[in-house]
Amino acid sequence: MEDGRAGRTVPLVVDDRKELPEFRMTRLTYFTIESEPGLGGAGREEEKLWNLSNERFQVPFLLNSMSGVILGPVDGSGLFLTAASIEETFDRIEAQPSFYVDANDLWLPNFLFEKMPERGGVYRAGYPLFRQALYFRADMVDHDGFLDMCLELSAQLAYSEGETAAFQSWEAGQIEEAIKNYHDRPEMALKYREE
Amino acid sequence: MSELRVTLIDVGWGDSILIESLDENGKWHYGLVDSNDTTYLRSSFIFLKKHFKKRKIDLSAQGPIFEFVLLSHGHDDHGQGLKGIIKEFGTEKFWYPKSTSWSSQTNLLRYANRSTRVGFHQSLDKTKIVPALGEVDISILWPEYNRIDRHNENNNSVVLALELGGVSFVLTGDAEEEVWSRIASQLPANTRFFKVPHHGSVNGTFDSQGNETWSARLTQSPALGISSHPMRFSHPDKQVIDLFRNKAWPLYRTDENYHLTFMTDGTDVKVKYSHV
C-alpha cells in the first residue's frame, strides 16, 4: 500500500478526552489484526508458511501468534472512505482462519488537535508519532519526554473528515443490525418490569 | 451453601470484574463486567484462563462459560479485549448500555451481531428484569430507560446491585455525580461491598460543591474496592481516599492489593487479596 496516505499513516478513532491539570490528553483507538496461537493447529490446511524478506534476506516461518496494525482498506485505496470498505476489510481479515480484528488504545496530547477532538472522530497519525505514542502507552517513555516528542512531531496528525463520516456510517449500520437481531428473536430478550 | 464472589482483576488500568455465584447444588455460575486487555497485556484473559483451569472447566467444550458479559460503558479501558475473551470463553448474553456513540467499541458490537459465541445481545436499562446468576439476584439501578448522556459516556455506565441473602454488592462502572444525584437514594440499605466509581476520581464520589454523593447514603461500613489508575491520572484521588479513611471504611486497591475478591454467603463478607 504505497499509493496513498494509508501507506504512511495510521487511522485513529477518538475514544475519550481528558482535561485534568496533570493530564491533558485524548485517548484514541487503532485497529489490529490478531491471530490465535497455533494458527489453526498442526496439520490443518490453513497452516501456511509465511516469509519475512527484504532485498538481502528471506526467512520462511510458520506463523504462531502475531499482531499487526491496520493502515487502510483491503482494496489498497488508502483511506476508509465508506462503511463498506471498513466492513469488507474486517470481513476479509476474519475470513482467514484464526485471524480477527481487535482494538487497542493510545494517548496523544490535546495540543496536537486543531479543534477539540470529538468522540468518534478519525485522525491519521504518521508513523513516528504513532511509534512514540505506542512507547508512551507501554511506559517506555515518560510523560514529559512524550510531550516534547509530540511538539516536534505536531505536523504528523491530521483530521480525516471522509473517514470520520465512514466510521460513523459503519457504526450506525452495526447499531441497526443489532436492533434487527434483537427484534428477530423477541423470545430471547429481557422482560420489562411492570412498574 | 450459596456464595457470591466478586473479583476486581488487576488490569493496571481500567476495569475487569469476574462475578461468581455458587448455588446450593454446588454449581458455579459466571458473569464478567468489562476488560482492558491489549495486545501487549492480556491481564483479564490470562487471569480467567488460569482461574477456569483451576476450577477444572473444560475450555475446549463448545458451550459458553459466561452466563453474561456486560460492557459497563463504551470506553476503551472497559471494552478492550472483550472480543478476545468472548471468543475464548463464550457468553450466553452480552449486555451494554445505550450510547449515542459506540465509537471504538463498534467492532465489539459487530462481533456480537454475527458471532455464535454470543448467544444474544441487547442494551440494558433499569426497566429490564435480569435473570439471577445462580441464587444471586441482579438489579439494574442505572441507566434509566432511553436516558443517554450525550456528552459524558461515563454517565451511561450500568450500575448493578447483586444480592445474596441479606447482602448486596454494588458495581458502578465510571458513573459520576450526575448519576449519583439521581440514584444514591436507591442504593440497597444492605450494601456491604461497593466498587468505588470511576477508579476513585473526585467526580465519581463528590459533587461539584464538594459534597459526598453515594457514600453519604451507605450506613453499614461497606468494604470498598478500587480499580486504580495511579499512573497517568493519579486515580484514586487523595480527597476520595481521605473521605474513606475518615469514615474508617475498609478500602482495597488493585494497585496495592493486586486481584481483590469480595465474598459473601449472604450473611458475612470476607475479602481476599494477594499482597499488600
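Reply: N190(B) counts as buried because its relative accessibility is 15%, where buried means under 20% relative accessible area, exposed over 50% and partly exposed in between, with a 1.4 Å probe and protein chains only. N190(B) sits in the loop between α5 (177-183) and β11 (191-195) of chain B; helices (H or I, at least four residues) and strands (E, at least two) are DSSP runs, numbered from the N terminus. A polar atom of the N190(B) side chain lies 3.2 Å from the backbone oxygen of G166(B). The model is predicted, with local features needing pLDDT of at least 70 and side-chain atom pairs counting only at pLDDT 80 or more, while totals for chains, interfaces and linings use all residues. Side-chain values use heavy atoms, with hydrogens and water left out, residues are numbered from 1 along each chain as its sequence is written, and chains are lettered from A and ligands numbered from 1 in the order in which they are written.

Elsewhere in chain B, helix α3 (residues 82-89) is mostly covered, with six of its eight residues buried; these are L82(B), K83(B), G84(B), I85(B), I86(B) and F89(B). Just after α3(B) comes G90(B), which takes a positive phi of about 70 degrees.

In chain A, D148(A) belongs to helix α3 (residues 143-152), and D148(A) counts as partly exposed because its relative accessibility is 48%. Strand β3 (residues 49-53) of chain A contains L52(A).

Terms used. Polar contact = N/O pair within 3.5 Å; in protein donor to acceptor, adjacent residues only side chain to side chain.
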